[in-house]
Amino acid sequence: MSGTPPSTPYTLTDCDREPIHQIGSIQPNGFLIGVSADWMVLHVSANVKDWLGVEADDVLGLPLNRFVEMEALHLIRGRLQIAQINGEVERAFSVALIPGGVPCDIAVHLSESTIVIEVEKSEPGPVQDAGTMVRAMVGRVERTGDFDAFCREAARQVRALTGFDRVMVYRFAPDESGEVIAESAVHGIGSFLGLRYPASDIPQQARRLYERTWLRSIADIGATPVPLVPPVDPYGTPLDLSLSLLRSVSPIHVEYLRNMGVSASLSVSILRHGKLWGLFACHHYKPRALSFERRATAELFGQMFSLLLEGRERERDTQHEAEARRAHNRILALLADSESPIDSMQTFAAEFRALIPCEGFACFINDQLILEGQTPTREEVLGVVRFLNRAPPSRIYLTDGIGAVHPPGRDFTDRACGMMAIPVSRAPRDYLIFFRKEAVRTVTWAGDPSGKPVAYGPNGPRLTPRKSFEAWAETVHGRSLPWSEVDLRIAESLRVTLLEVVLRLADVAVRTRKESHERQELLIAELNHRVRNILGLVRALVRQSQGNARSVSDFAAILSGRIDSLARAHDQITAENWGPASLRSLVVAEIAAYLHEGGGERARLSGPEVLLSPQAFSVFALVVHELVTNSAKYGALSDRRGHIEMGWSFDPSGRLVIHWQEHGGPPVRVPSRRGFGTTVIERSVPHDLRGEAEVTYALSGLQARFVLPESHVTVLDSPIPVEPEAVAASGRPDFSIGGPVLLLEDNMIIALSTEDILLSLGATRVTMASTTRHALETIAEDPPVVAVLDIDLGEETSFVVAERLQALGIPFVFATGYGESAVAPDGLADVPVLKKPYASDQVLRALAAVLR
């Protein structure tokens, strides 16, 4: 090749093609062994003799256990098992590889099918407590205020850990250029704070490696690399050193660092959602090697800092999105109340601009254009619309430089420079367009980013890194403030809302009017049907009641009582929005109409709290009315000494069985004729509800039995009954559990909080268990005086533990986050239940109830 410059210019991006992960050599401060799955040596670094006392050629093709102590090999195998699980590098510290050898730090990982083992000398001194150190570092970073202080303190902590001359927090921009946003450096070496570095400074394959490995260390850029032996496997493939900690350095990167005057470097990745956000870039102006142990601590801090960064950015984004959501809801409310949302867009322009910060807003819908704020002219915006029509119809289009993509945009840069366009329809093309003005700013580069990185020699062009890192200022024109990810998410939400909801309000309104008309006609028909049914029922009551009346006043009283009964039933049903109503309240209401004093003693009710469906409630209201009326006239309630008993329960098939029994009244005689009341009692439930009714005229008192199908009955979970004396007892200051407590809870935070409550209530100790197996073992080994059992434990429930405690006679209470919907087996249904979240007073009352 001649030295003639090529027609296509070379740039530093040609470094992207350099196979830095297959460089074939390592840094000399350690050695490397690559072995097969059956632990045969495939590769070694040429300096293996300095570490194992064996020549490289004498190691290849032999089992590793011939050269490494079995104890060390056992440890390496264990670390490899973990490395295979998490796909990362695992380390072990202070390991002797050979008898009498120096302690070494070991790193192991899997490179395709090759097991890669890297070794360096251990740092002298006691083993470093990485967890304690990182926890202290993170604590100092967390206590900072704003974002700048957050990054600045992180850089300071990394410099204290590593001892490097300079530590920078280096953040990547959307165009992949980088900027130093925080720095900690020794006095007298100058500052790189605020400098920008072009994207070409870090090749693409290096960026990918930074995402795969958290840390990259270069101990001495002047050191001679140690080659791997052999350089390739029997198939001619070099060993992939992507995850290698000792991988040697690209000659171009060595020259880059040398041009900066740097002798050693350390890079710790900062990732956000798994993508490269930035780096801790550490520079030292003399060679500096950090042990595996200290580098592992730096790596752990980088991971923790990445999590803290995500948390801070998430908190900031959440606040922004919450404000945007409120504005979004206001817009929806305004649009929903508008008869013509499209015509009212101009009214909402200010709200749109508050939703996504901008200086100008345009709405183009149905060939009508609305402009608000600082925008291009109408003709210029229509040109922008034609440009947007060439973009995909369902994607948001955004740019911070209109002129760069739409040449006519250069003419209105002073009025609008950035643009976000939200398509809100497919045909015709309609848009909401947000404009941002030009933000002229000065960017200070570390050297001229446009400098020519190509030198020409006798063999043609040679890529060379730039040599100047002097501050080089560039004034940027024709760009607005960039659109953030939050802006894009808000815009997408707005697009979906407008496209799927707002712009279809016209069709919805037509459909709603049609459905409203249909509902109105249906309502009129239903009302007509119900009125006719009511009139028919009243007519039947009039006709059937007249046969039992001896006078007009008697007839009026009978009819009035039956209509009042229906009215009371209707009132109770409608009080629940025509839903199920209480059987107990029905009976109490009917009896109260006849027994104004002493009713509670003369009418004894028992049974669970149940609700009857509206149909069953109306039918059974008449039945109860007739029973009470007959009893007041002829039965137990006609005599002051008499009383009635009414109880209900469920049979095995789930049907509700109701018993009526009268006591102490006049002797009962079988009626000589069956009136309407008797007919109601005996036939209503079978005819209207498909149930059963049986009436027995016993001499001692009338008896009746009714069966209602389960489809008409709903059971209510009654609250835990708390006796007055129990409440008083639970409130006594001297109440004390006085013994050990078993706490079965699978949530550690809740368990710790409950433990504090139980100890404050006098528990001598609290044994916490998260599984039923652990709880049963505790009961067998150390029986508690009382237990608190969380019902739901993920894949199991605590009922088996409850049954064991019940068998031993040990009291207990349940706890649940399911509220009223928590269901216990029949044998445990009466156990008190603590509903999460509970406080100490609820725990106190529940335990007092079972310990009394």
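# A walk through a predicted 852-residue chain

W39 is buried, with a relative accessible area of 8%; buried denotes under 20% relative accessible area, exposed over 50%, and partly exposed the range in between, with a 1.4 Å probe and protein chains only. The place of W39 is in the loop between β2 and β3 (41–45), where helices (H or I, at least four residues) and strands (E, at least two) are DSSP runs numbered from the N terminus. Although W39 is not a glycine, its phi is positive, at about 65°. Most residues other than glycine have a negative phi, and most peptide bonds are trans.

The model is predicted, so that local features require pLDDT of at least 70 and side-chain atom pairs count only at pLDDT 80 or more, while totals for chains, interfaces and linings use all residues. Residues are numbered from 1 along each chain as its sequence is written, and side-chain values use heavy atoms, with hydrogens and water left out.

The secondary structure of the chain comprises 22 helices and 35 strands. Of its 852 residues, 46% count as buried. The chain exposes about 43300 Å², of which carbon and sulfur atoms supply 53%; accessible areas come from the Shrake-Rupley method with a 1.4 Å probe, and for residues only the protein chains shown count as cover. Among contacts (heavy atoms within 4.5 Å) between residues at least 6 apart in sequence, 66% join residues at least 24 apart.

I33 has I117 in β6 as its bridge partner. P230 lies in the loop between β11 (226–229) and α6 (251–260), and a cis peptide bond with omega of about -15° joins V229 to P230.

Helix α5 (residues 204–212) has Q205, A206, R207, L209 and Y210 buried. The buried residues of α5 pack against β7 (166–172), β10 (215–218), β12 (264–272) and β13 (275–284).

Not counting residues up to four places away in sequence, F620 touches L583, L586, L612, M646, I658, V685 and F706.

Strand β27 (residues 656–663) has 6 of its 8 residues buried. It pairs with β26 (residues 643–650) in the antiparallel sense over 8 bridges, and S649 stands opposite V657 in β27. The two strands form a hairpin with 5 residues between them, and G654 in the turn has a positive phi of about 95°. Another 6 bridges join β27 to β29 (residues 701–708), again antiparallel, with I658 opposite F706. R690, in the loop between α17 and β28 (692–698), also has a positive phi, of about 60°, although it is not a glycine. R690 is exposed, with a relative accessible area of 66%.

Towards the end of the chain, strand β33 (residues 786–790) has 5 of its 5 residues buried. β33 pairs in the parallel sense with β31 (residues 740–744) over 4 bridges, V741 standing opposite V786. β33 also pairs in the parallel sense with β34 (residues 812–816) over 4 bridges, and there F812 is the bridge partner of A787. Together, β33, helix α21 (residues 799–808) and β34 make a right-handed β-α-β unit; right-handed means that, with the strands pointing away from the viewer, the path from the first strand over the helix to the second runs clockwise. In helix α22 (residues 840–851), V843, L844, A846, L847 and A848 are buried.

How values were computed
Pairing = 2+ DSSP bridges.
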